Amino acid sequence: MDLTNCFIFFLLLTSLYFALTRKTPPKKHPPGSMGFPLIGQTLSFLHAMRTNSIEQWLLQRTSKYGPVSKLSLFGTPTVFVHGQSANKFIFTCDGNVLGNHQPPSFKRICGERNMTALIGDDHKRVRGALVSFLKPEMLKQYVGKMDEEVRNHVEMHWHGNQKVMVMPLMKTLTFNIMSSLIFGIGKGETRNNLIELLQHMMNGLMSLPINLLFTRFNRSLKASAQLRAFIKNLISERKAALEQRVADTRKDLIACLLGIGKTEPSIRMSDEEIVDNVIGVMIAGYDTSSVLITFLVRLLGMDRSVYDKIVQGDLGRKHDTHGWENFLGPVEV
């Protein structure tokens, strides 16, 4: 009996040895290094972003590894592709070949049901609901709100100042407009709290995904949790108001998405999807819009001829520049 047990044990050890030492055909991977675990190339990438040298960073990588290379960003294995052929492949292949994928850190901050993390029918359904908010007949309802926000902003931050920092002010203006259109919230303490939460979340998206106390990522997750709680409460309030018919579905984005669920069941969104995609809209629009407006203001401030042409091309409408003509002095981006 003892001899039989020894023989079985020997067979098990031999099988384990061959299983561990068996060579498997190497997988074909692009050239490049994955760097240190979790960190990868994230630190050098973030440094290039903050020093406005990201183009040089990408070109150096292309010259070293070629148009296709592997790396690790934000704790996620990543493939970097460069060139016309790569762009054509990315934008023409179907979802069965190449799918949308966000880093786990992005999903933890923005949510699992964010449109950028969805694929297939779910992506089409959520996109259809969000696009309905941007229909011309809907946008006409918000022109007055945006006009009022711009007028208040110019009056408060621009009039009487000989020099202004455009970029921070444009971020403030962008957020104020988003607060009005997305949440239906006017200026006050609530807005101030929301912009602080959004800034923490934005900082966490561009940081190492290390959830330790006092890290950017940790503060971002806490801010995301607080913003989610706020949006959920707002959804409950809008639902009650819509059921009692004391609110309009055109009041803001949340009311619009709730209303669409009743009129167009095919693109109905769950409460979780509304929360995740409201956060996604805020993050997507905050930086991009403010940067674009900043460069537009810079062009108007630095080139008087462009400003004059815009005023002359007002198509016969009453000349009203919201007071921008009172400030064409030094502009700092």
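Helices and strands are DSSP runs, numbered from the N terminus. In this predicted model, the protein has 14 helices and four strands. Strand β2 supplies six residues to the lining of the largest pocket, the largest share.

Rolling a probe the size of a water molecule over the atoms shows where empty space is left. The largest pocket has a volume of about 1700 Å³. Its lining comprises 39 residues. Nearest the centre lie Phe45, Met49, Leu73, Phe74 and Met206. By class, 25 of the lining residues are nonpolar, ten are polar and four are charged.

The lining is drawn from several elements. Among those that each supply at least two residues are the helices α2 (42–50), α3 (54–65), α4 (84–92) and α5 (104–110). Strands β1 (68–73) and β2 (76–81) also each supply at least two. So much holds too for α10 (189–205) and α13 (271–302). Two domains take part: domain 1 (30–92) and domain 2 (120–316) each give at least three residues to the lining of the largest pocket.

Across the whole protein, buried residues make up 36% of the 333 residues. Contacts with a separation of 6 or more were also sorted by sequence distance. Of these, 63% join residues 24 or more positions apart.

Met269 sits in the loop between α12 (253–263) and α13. The relative accessible area of Met269 is 5%. Met269 therefore counts as buried, the cut-off being under 20%. Several residues contact Met269 when neighbours within four places in sequence are left aside. They are Arg125, Val126, Ala129, Leu257, Ile274 and Asn277. Leu258 is eleven residues from Met269 in sequence. In space, the two are 7.7 Å apart, C-alpha to C-alpha.

The average pLDDT of the protein is 81, and 85% of the residues score at least 70. Helix α11 (residues 216–243) has the highest confidence, at a mean of 92. Helix α1 (residues 2–21) has the lowest, at a mean of 49. Over residues 7–19 the pLDDT falls below 50. Beyond near neighbours in sequence, this stretch makes zero contacts in the model. Where pLDDT is low, predicted coordinates should not be read in detail.

Notes
Residues are numbered from 1 along each chain as its sequence is written. This is a predicted model: local features need pLDDT of at least 70, side-chain atom pairs count only at pLDDT 80 or more; totals for chains, interfaces and linings use all residues. Side-chain values use heavy atoms; hydrogens and water are left out. On a 1 Å grid over the protein atoms alone, a cavity is a set of points where a 1.4 Å probe fits but cannot get out, and a pocket is an open set with protein on both sides within 12 Å along at least five of seven lines; lining residues have an atom within 4 Å of a point. Grid points are joined across faces, edges and corners, and a volume is the space filled by probe spheres set on the points. Ala, Val, Leu, Ile, Met, Phe, Trp, Tyr, Cys and Pro count as nonpolar, Asp, Glu, Lys and Arg as charged, and the others, Gly among them, as polar. Domain bounds come from an automatic or database domain assignment. pLDDT is the predictor's confidence in each residue, from 0 to 100. Contact means heavy atoms within 4.5 Å. Buried means under 20% relative accessible area, exposed over 50%, partly exposed in between (1.4 Å probe, protein chains only).
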